[in-house]
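Subject: Structure for you to look through

Hello,

Here is the structure to look through. My notes on it follow below.

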Amino acid sequence: MTATESTDVLVIGSGFGGAIAAYHLAAGGARVKVFERGPWLKADDFEHDFKLGASYTRVFDFVIGDGMSVLGGNCVGGGSVVYFATMPRAPRFVFERHGSIGRRMWPAAINRDTLEPWYDRVAEALPVTQQTWDRVPYAGGLFAAACHHAGRTANPAPSAIDVDMCTNCNWMMAGCRFDAKRSLLLNYLPAALAHGAEIRPLHEVQHLVRNDDGSYRVHYRVVDEEDYRILHGEGTIDAKIVVLAAGAGATPVILQRSEPHLGRMPHAVGRYFSGNGERLNTAVFDEDRVREVLKLSRPDGRAYEAYQIGRGPTVASWDRLDGDLPEFERYSLEQLYFPPALGTILAQVPDTSPSWFGRGKKEMLRHWQSWLTIFTMSEDDNEGVFGPPPETGNAHRFSQQMLGHGPLRYRPTANTWRGWSLADADVKGILERDGLSRVMPWTNDLVGAYTVHPLASCRIGDDPATSALDDRHELRGHPGIFVTDGSAVPGALTVNPASTIAALAERAMPGIVRAARDRGVAVTYGAPSPDGETAGRRAVARLVS
């Protein structure tokens, strides 16, 4: 076995929580290494193809659980590479939620006002800009027109996309080959590299052990670059500080597998998982009614037939994000493009049995260009629980790439179903009005509920009984281990969570720097936001060429 390496800080995962930590700690003078279980791809590597082995299957991690499936990033840059870059801030009422625990879920130190400067820092770094109506693609315009026709409001959503560089190819979910999407490959990560951080792709952390001096020894395996089921050599590295940012579907698994070595984990590790209350509906539009009722047409005379043209979600209806409404009845509705493959499999045929396969489904697929997918983000009940961890990784992989079966169990409560049912009815009321379309929710029969924004499996809080982390993001009972990814978010946000995850990670950094200093690391805090507009682009071109 090779000798154990050492570093000041080991960051596990390179998404928002990991990249932000790596940048600030490296910029402050610490020796930083980042382990990422997925590959490292640059713009030219992102392919417009669904074939096995293309970037599409390499950068995703789709884990099927018992009642819940999770789609996440599996690459350097994590979820920022595969997200749609929609970056709203969480509504004020979110921070006052009680859920089912009978008290405020969030720590007393955090609310929308205290988090606002950290949101600002993230918006500056990426940067985040407000889209305008004249740049909204066809699908966003269709959703906005349907909302207006139904007496509802809709708004262009803030995003981390350079719309001047965007080609509206709508392949951004598989990574942006034009660098129009401001992923972490263009800002925090190149800035971390410029300050001496080291990023190691295809390194999968298995478990942690505490050393006699209070530092941690991290055990890892090297993942095969083509067949993720194959693990190669193993190694160990000692770190004075460990920042876990492997994602809400993997961070709790690593900690659970570490329990025999570290000692008892907080009760909330692997519990209170939230799927951000997410649900999808597909509408199949009648082109004639779009023309007659909404008075819409494209330059070539077609009414719509443009589902595939655009850049993911651009327009959202936030009418139900009203703090005066009862909890579990608040949600947002967002126009979304979900590319062929999983989307076409799970989309159901309205008013037909069977609804997700057969002759009716074949006919529905003939009209896929007239589809509109509406994405609900509501308040779920944090009902997900992780069972015993697999021997390695976060899932039992059963395909060469992308697919696996994980230990998450999810049984939606009546509270969660209330939000989903209200949202489903709302979508039908908006989009079926005057015969515009026919609407059906995606089926849960095949993979259960599903989320692309997993949260809360190691959440922050003030109550040790219901939170795994204190309000500084330190793991209770295990000093020197911090969690800064989506698993730290206490519950569903009712909007896309990337901005909030990143803001929380930024907020956690001064405390992590202080903890590192207390452990003998010569590090300071105070680096400016990385310049994602200019310097980040130049740096990434130099460092990954």
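For sorting residues, Ala, Val, Leu, Ile, Met, Phe, Trp, Tyr, Cys and Pro count as nonpolar, Asp, Glu, Lys and Arg as charged, and the others, Gly among them, as polar. This is a predicted model, in which local features need pLDDT of at least 70 and side-chain atom pairs count only at pLDDT 80 or more, while totals for chains, interfaces and linings use all residues. Residues are numbered from 1 along each chain as its sequence is written, and side-chain values use heavy atoms, with hydrogens and water left out.

Cavities and pockets

Both come from a 1 Å grid over the protein atoms alone: a cavity is a set of points where a 1.4 Å probe fits but cannot get out, and a pocket is an open set with protein on both sides within 12 Å along at least five of seven lines. Lining residues have an atom within 4 Å of a point. Grid points are joined across faces, edges and corners, and a volume is the space filled by probe spheres set on the points.

There are 8 cavities of 30 Å³ or more. The second largest cavity holds about 110 Å³. Its lining has 17 residues, and Cys166, Cys169, Met172, Cys176 and Ala180 are the closest to the centre. By type, the lining of the second largest cavity has 8 nonpolar, 6 polar and 3 charged residues.

The second largest pocket has a volume of about 240 Å³. It is lined by 16 residues, with Val284, Phe285, Glu363, Met364 and His367 nearest its centre. This lining divides into 6 nonpolar, 4 polar and 6 charged residues. Helices (H or I, at least four residues) and strands (E, at least two) are DSSP runs, numbered from the N terminus. Strand E12 (278–285) and helix H10 (359–365) each supply at least two residues of the pocket lining, and H10 gives the most, with 3.

Salt bridges

Side chains of opposite charge can pair when their charged atoms come close. A salt bridge here is a side-chain nitrogen of Lys or Arg within 4 Å of a carboxyl oxygen of Asp or Glu, and the count comes to 34.

One of them joins aspartate 66 and arginine 411, at 2.9 Å from N to O. Aspartate 66 is in strand E3 (residues 60–66), and arginine 411 is in the loop between strand E18 (403–409) and helix H11 (414–431), 345 residues apart. Buried means under 20% relative accessible area, exposed over 50%, and partly exposed in between (1.4 Å probe, protein chains only). Aspartate 66 is partly exposed at 37%, and arginine 411 is partly exposed at 38%.

Is glutamate 506 buried or exposed? With 0% relative accessibility, glutamate 506 counts as buried. Its side chain meets that of arginine 121 in a salt bridge of 3.9 Å, N to O. Arginine 121 lies in helix H4 and glutamate 506 in helix H12 (residues 498–518), 385 residues apart.

Nonpolar cores

A nonpolar core is a set of buried Ala, Val, Leu, Ile, Met, Phe, Trp, Tyr and Cys residues joined through side-chain atoms within 4.5 Å. The largest has 153 residues, of which Leu25, Val32, Trp106 and Leu431 touch the most other members. H12 gives the most to this core, with 12 residues. Another core lies apart from it, with 9 residues, including Phe386 and Trp420.

Regards
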